[in-house]
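The sequence and the structure come first.

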Amino acid sequence: MKKLIGVLTAGGDTPGLNAAIRGLGKASGGVFDMEVIGFYDGFRGLMQNRTVRLEGQRLSGILTVGGTILGTSRDKPNKMPVGNKVMDMTDAMIGTYENLHLDCLVCMGGGGTNKSAFMLHNRGLNVVTLPKTIDNDVAKTDITFGFDTAMGIATEAIDRLHSTADSHHRIIVVEIMGHRAGWLALGSGIAGGADVILIPEIPYNIEKVAQAILQRSRSGKRFSIVAVSEGAMSDVEMAKYERLIAGIQVAKADDNKEEKNRLKAELESFEVNQQTSTIYLANRLQELTGLESRVTILGYLQRGGAPSAADRLLATRLGTHAAKLIYEGQYGVMVAVRGEKIVPVPLAEVAGNRKIIPADHPWLDSARNVGTNLGD
Ligand code: F6P
């Protein structure tokens, strides 16, 4: 009997998802003689058994299309909003898998998706995942698909901001996505020639940033571009954040519910303030330097539109390789990139881990060596 594969896309959408679905579908239906169905809207579609057969025409014309033809959601199997409740719907998903007699479930997603997939794998499902996210923060893979496209979009934005910043002799602070990792801001900041790059991995000192901008000004450069990752924090903010996280851990260990709730509420309001931290940063830089500052938040532009050639290629390689692994009966793995190779990595090594920029990463050296200020 032919193997039957179910596939879903979960978490934030990413350019290259359709290329990966196409790669998986075409290789499965072709050389490996298997069948593929898609679940709509991530784990919610798996719970509700909302499916589409992925064959023939459905797989045509999607290689270059952004987003995901399956739709996506951030729903987690064990914390699913249903009506006005949040429920553990894992059993319903296992039910769908069993009723359809699936041989494997393919989950395309980032950190959260890998965690959910691992949980389903531990409940007895055959699972294979593909690493996708513009943030490039999935553990145990050199790169994720979507990253290259988003980095290109952010780089082009920085290029364009140069001429307007130059004309008006302004500081332009450009906020770049990346969640709690700085890959996107660092990569596009270097490629776009940002003068300052601020990332979550290096807490910044605002006075030092202001000094670097003033120094540029004194040397005749009448504008500055500051590329700031959405998760970047000043040294003061980072100290507060770490104090709150550590405090919550202690309160949990002491079973002190009152203190835990108080600190959690404080953390929540800290995180709400962080949503406007780029605006605050620009205002402070204006005060400290006396130079006019403006903000550009790139937001979802970085996730939209057609994937780059590199992402189409990577997504196709990962999708087709997933089909091969399933054909061979290798489950419980993420299809990862290691140098020139595509390799299976046990989900246990991926789930719950995140890949941030290590302090000795060569991109950091390159940035410093061209005179970019990293806020430290
Ligand atoms: O993970 C991709 C990403 O775009 C992050 O860079 C960003 O922090 C987050 O998703 C935004 O999530 P949402 O689409 O739920 O607003």
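## Sheet, domains and ligand shell

In this predicted model, strand S10 (residues 224–229) and S9 pair in the parallel sense over three bridges. Leu 198 has Val 228 as its bridge partner in S10. The open sheet to which these strands belong has four strands, ordered S9-S10-S8-S11, and the pairing is parallel. Strand S9 (196–198) and strand S11 (293–297) are the edge strands, each pairing on one side only. From one strand to the next, the twist averages 20 degrees. Helix H10 (residues 277–289) packs on the sheet and touches strand S8 (171–176), S10 and S11. The direction of H10 makes about 160 degrees with that of S11.

The chain is divided into two domains, domain 1 (4–145 + 307–350) and domain 2 (150–302). Their C-alpha centres lie 32 Å apart. Contact between them involves five residues of domain 1 and nine residues of domain 2. On the side of domain 1 that touches domain 2, one residue is nonpolar, two are polar and two are charged.

Among the residues around the ligand are Gly 12, Arg 74, Asp 135, Met 177, His 179, Glu 230 and Arg 303. The table sets out the composition of the two groups of residues.

| Group | Nonpolar | Polar | Charged |
|---|---|---|---|
| Side of domain 1 that touches domain 2 | one residue | two residues | two residues |

Definitions and conventions: Residues are numbered from 1 along each chain as its sequence is written. This is a predicted model: local features need pLDDT of at least 70, side-chain atom pairs count only at pLDDT 80 or more; totals for chains, interfaces and linings use all residues. A residue is near a molecule or strand if its C-beta atom, placed from the backbone, lies within 6 Å of it. Two strands pair if DSSP finds at least two bridges between them. Helices (H or I, at least four residues) and strands (E, at least two) are DSSP runs, numbered from the N terminus. Axes are lines fitted to C-alpha atoms, for helices over the stretch in contact, and angles run from 0 to 180 degrees between N-to-C directions. Two residues are in contact if their C-beta atoms, placed from the backbone, lie within 7 Å. Domain bounds come from an automatic or database domain assignment. Ala, Val, Leu, Ile, Met, Phe, Trp, Tyr, Cys and Pro count as nonpolar, Asp, Glu, Lys and Arg as charged, and the others, Gly among them, as polar.
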